[in-house]
Amino acid sequence: MADPVVPPSPAPSLVVLGNFDGVHRGHQAVLRAACERADTLGLLPVVLTFHPHPAAVLGKQFVQVLTALPRKVALIERLSPRIEVCVVPFTLDLAHRTAEEFVELILVRQLNARFVLVGENFRFGRGREGDFARLVELGRAHGFEAHAEALLGDETGPLSSSRVRELLLQGDVEGAERILGRRHSVTGRVGHGDHRGRTIGFPTANLHDLTEALPSDGVYVARVLGGTVPMGYAVVNIGERPTVDRPRTIEAYVLDFHGDLYGAQLTLEFVARLRDTTKFGSLDELKAGIARDVAEARRIVHEPPASSEPSP
């Protein structure tokens with residue numbers, strides 16, 4: 001059975017284990033507390049996470065991630081310049097390791113752990129055999145202290161990635177933002193569509209190759225970034241286009257943008273939901289509906305028009 005690839009950490013470390021999908025406010029509080037504790041103990045703060053999502057490898061119900069791996073790592077590293085992120089490839093080999101093998105191979109041999117921090121419901125090892133009590137026991141045997149951390153919560157309960165997914169399924173991007181501590185975003189590459197938007201005065205960028213969870217079908221206003229460069233705001237349609245009988249897409253009309261975006265990588269940060277997907281009676285009604293969406297989007301983000309647009 002091959003060893004998982006984990007960058008060695010010769011310095012004694014404080015290791016925080018978790019999937020950290022979304023790096024929401026609950027995760028952020030745990031990671032900041034871990035960094036403070038590591039400073040107090042004179043240890044290197046190490047975040048140990050897994051890729052791909054264990055559910056995908058184990059053939060369980062598919063879970064669409066809130067943050068693609070590069071973004072998740074960047075969000076974690078943004079919390080402290082001292083954090084070292086170690087990504088363990090989650091494989092069937094790793095899933096078949098016993099709890100003790102996992103501790104010996106990764107926490108002790110690879111990461112030189114002296115303190116290990118996990119969530120209250122953390123399970124590890126073959127068949128999820130290891131719980132927190134087992135981690136404490138193995139820590140005593142291998143020279144590290146284990147601690148379980150409760151996640152930050154609100155009046156509804158603990159802040160969690162599953163709650164964010166549920167809110168996105170409801171189209172509640174503002175509720176998701178409250179848990180994440182930032183707007184939920186997706187990144188994709190602009191590809192060719194059917195160019196119908198140009199014919200009615202609203203050329204759209206069709207996004208492909210997205211990996212992050214999308215909000216439910218509907219029309220949204222989103223902030224747009226080209227790479228890391230802000231480009232303003234867009235009206236974004238997610239779902240089927242019933243008026244023109246086209247399959248499910250995600251397309252963005254970028255306000256006041258004139259140029260070619262084909263092949264560009266765009267990130268959409270969702271601000272608010274404007275309406276449900278609607279089937280209009282004609283292209284003229286569709287044009288008028290989009291114009292109303294643009295006007296409402298400008299009102300929400302306080303963005304006055306910089307040039308003339310098709311009127312309703």
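How many aromatic pairs does the structure hold? And which residues do ring pairs link into a cluster?

Tutor: First, the ground rules. This is a predicted model, where local features need pLDDT of at least 70, side-chain atom pairs count only at pLDDT 80 or more, and totals for chains, interfaces and linings use all residues. Residues are numbered from 1 along each chain as its sequence is written, and side-chain values use heavy atoms, with hydrogens and water left out.

Now the rings. The structure holds 6 aromatic pairs. To pair, rings of Phe, Tyr or Trp (its six-membered ring) need centres within 6.5 Å; planes under 30 degrees apart count as stacked, over 60 as edge-to-face, and the rest as tilted. Take Phe50 and Phe102: their centres are 6.4 Å apart and their planes sit at 35 degrees, so this pair is tilted. It connects distant parts of the chain, with Phe50 in strand β2 (residues 44–51) and Phe102 in helix α5 (residues 99–110), 52 residues apart. Buried means under 20% relative accessible area, exposed means over 50%, and partly exposed lies in between (1.4 Å probe, protein chains only).

The rings of Phe122 and Phe124 give a stacked pair, because their centres are 5.6 Å apart and their planes are at 15 degrees. Phe122 has a relative accessible area of 15%, so it counts as buried; Phe124, at 5%, is buried too. Ring pairs join Phe50, Phe90, Phe102, Phe122 and Phe124 into a cluster.

Phe50 is in contact with Lys72, contact meaning heavy atoms within 4.5 Å. Lys72 lies in helix α3 (residues 69–77). Setting aside neighbours within four places in sequence, Lys72 also touches Asn19, Phe20, Asp21, Val23, Thr49 and Thr67. Here's a curious bit: Lys72 is buried yet has no salt bridge, and the nearest side chain of opposite charge, Asp21, is 5.8 Å away. For charge, Lys and Arg count as positive and Asp and Glu as negative, while His and the chain ends are not counted. A salt bridge puts a side-chain nitrogen of Lys or Arg within 4 Å of a carboxyl oxygen of Asp or Glu.

What does Asp21 pair with, then? Asp21 forms a salt bridge with Arg165, with the closest N and O atoms 2.4 Å apart. Arg165 lies in helix α7 (residues 161–169) and Asp21 in the loop between β1 (13–17) and α1, so the bridge ties together parts 144 residues apart in sequence. Arg165 and Asp21 are both buried.

α1 covers residues 25–41, and its 17 residues reach 24 Å from first C-alpha to last, close to the 24 Å expected; the expected span is 1.5 Å times one less than the number of residues. Its buried residues are Gly26, His27, Gln28, Val30, Leu31, Ala34, Cys35 and Ala38. Cys35 counts as buried because its relative accessibility is 9%. The structure holds 0 disulfides, a disulfide being a pair of cysteine sulfur atoms within 2.5 Å. After α1 comes Gly42, whose phi is positive, near 70 degrees.

Back on the strand side, there's one more backbone feature. Most residues other than glycine have a negative phi, and most peptide bonds are trans. His51 and Pro52, though, are joined by a cis peptide bond, with omega about 0 degrees. Pro52 lies in the loop between β2 and α2 (54–57).

To put all this in context, the protein chain has 10 helices and 13 strands, and 48% of its 312 residues count as buried. Among contacts with a separation of 6 or more, 72% come from residues 24 or more positions apart.

Note on methods:
Helices (H or I, at least four residues) and strands (E, at least two) are DSSP runs, numbered from the N terminus.
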